[in-house]
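Good morning, and thank you for coming. Please turn to the sequence and the model as they come up on the screen.

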Amino acid sequence: MVNTTAINVESVGSGFRALLLKWGFGDTAARHIVDFSSLFIVFLISVVVYQVAKLLINRVLKRMVEQSENKWDDHLYEQKVFTRLALMLPLIIIQVSLAPTISDYPHAVNILNTILKLLEVGVFLLVGVSFLNAIYKIYGDYELATAKPIKGYVQIGKIILFIIAGIIAISVLIGQSPLSLLAGLGAMSAVLMLIFKDSLLGFVAGVQLSNNKMLHIGDWITMPKYNADGTVLDISLVTVKIRNFDNSVSCVPTYVMISDSFQNWRSMGEAGGRRLKRSLNIDVMTICFACEEIIANLKKKGFYREVSLAETGAMTNLGLFRRYLYDFLKSNPLINQDSTLMVRHLPAGDTGLPIEIYAFYNPPDWENAENTTAAIFENIYAVLPEFGLAAFQRPSGTATKVMT
């Protein structure tokens, strides 16, 4: 049998040391270079391991995520949870190999060990933040996210992560247990509450807004005190962003939403649509009993319907007009027929007799509601002369010149 000699690390190190001595290095310098070169090799190995892990994540894991029907793994990959978690591999390899490679340098071992622990805390923080971001994205795919946003809770989670990471980092630097630091934080509680006052108030406000269903993303709210009148874009730990109707954005502190009053128009849509409550003034001088000529003209144009005297108010042209307007609204598909629908008089004044329409739209959005209102009142003003009525209008400058 042929005996083979195993080449171990010590023989390689001895040969390298002899080579350094041959090149003119001193004995101490050669020994230091040999000892720390092994640590450098471990560092290169850890970098290679990380690159391999990163390659597997970007190739194999990415393909698995794309083929999966679930969405949560997509968000975990997009937020780089796996990539940042892979950073722990080289740190663990170096930390495990640190003591055996440079055991003759305890001071260097302690310094490098402290640096590695701080880096591990940093990686832990990065992974935690990425994971919380992924949870926020996953939750955002559900319809519940609009009614119960969790951005404030996620931000609180990030603050807690930073506090934990900071406590651990300080304990590593001073060489004490994190529990002893936590015991000392009791005396700093007043300072911490002052620093995180807005965050704590915002968190409490966010919980109350969510539990009481006071505010959802997409709600139309009005806060005149803060010049806010528009749609809620975002509810965070500290601020609520509101896009006003002029496309400007108002940022209101979250805790203000429970300390001050605001008007939420969401229930308007839930109750049957946006309300139509608008009136037009009739010139009282044009109100009269409906003569045969008016009735014949209305029948000819399809504006007349047989009604009782009690229903029209002794067959006046205004009574016929109210009946026509009510039927017109009843036949409009954009008016909610299951909600209140009225055409009524308001007290007369020096600007005529107001006739008010009170109804609700089926489309709760503002644009369609305004278009519907415009179409209704355009029809009203156009049909008034057919009933012998006229809208009240103060004389303009041109009319005054004609009268004189």
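Leaving aside residues up to four places away in sequence, R344 touches K277, P354, I355 and E356, where contact means heavy atoms within 4.5 Å. Before I go on, please note that this is a predicted model, in which local features need pLDDT of at least 70 and side-chain atom pairs count only at pLDDT 80 or more, while totals for chains, interfaces and linings use all residues. Residues are numbered from 1 along each chain as its sequence is written, and side-chain values use heavy atoms, with hydrogens and water left out.

Where does R344 sit? R344 is found in strand β7, residues 342-345. Strands here are DSSP runs of E of at least two residues, and helices are runs of H or I of at least four, both numbered from the N terminus. With a relative accessibility of 30%, R344 counts as partly exposed; that class lies between buried, under 20% relative accessible area, and exposed, over 50%, using a 1.4 Å probe and protein chains only.

One partner of R344 deserves attention. The side chains of R344 and E356 make a polar contact at 2.5 Å. A polar contact is a pair of N or O atoms within 3.5 Å; within protein, one must be able to donate a hydrogen and the other to accept it, and residues adjacent in sequence count only if both atoms are side-chain atoms. E356 is also the bridge partner of R344 in β8.

Let us now widen the view to the sheet. Three strands form an open sheet in the order β6-β8-β7, with antiparallel pairing. β6 (275-282) and β7 stand at the edges with a single partner strand each, so one side of each has no neighbour in the sheet. From one strand to the next, the twist averages 20 degrees. Two strands pair if DSSP finds at least two bridges between them. β7 is joined to β8 (residues 353-360) by four antiparallel bridges, and β6 pairs with β8 in the antiparallel sense over eight bridges.

How many residues of β8 are buried? Eight of the eight are, so this strand is largely enclosed by the rest of the structure. In a regular strand the side chains alternate between the two faces of the sheet. Both faces of β8 are covered: L353, I355, I357 and A359 are buried on one side, and P354, E356, Y358 and F360 on the other.

Helix α16, residues 317-330, lies across β6, β7 and β8 and runs at about 155 degrees to β7. Axes are lines fitted to C-alpha atoms, for helices over the stretch in contact, and angles run from 0 to 180 degrees between N-to-C directions. R322 is 22 residues from R344 in sequence, and their C-alpha atoms are 7.9 Å apart in space.

There is also an open sheet of five strands, in the order β4-β3-β2-β1-β5, again with antiparallel pairing. Its edge strands, β4 (249-253) and β5 (263-264), each pair on one side only. β5 pairs with β1 (residues 220-223) over two antiparallel bridges, and N264 in β5 is the bridge partner of I221.

Finally, the whole chain. Its secondary structure comes to 18 helices and eight strands, and buried residues make up 34% of its 404 residues.
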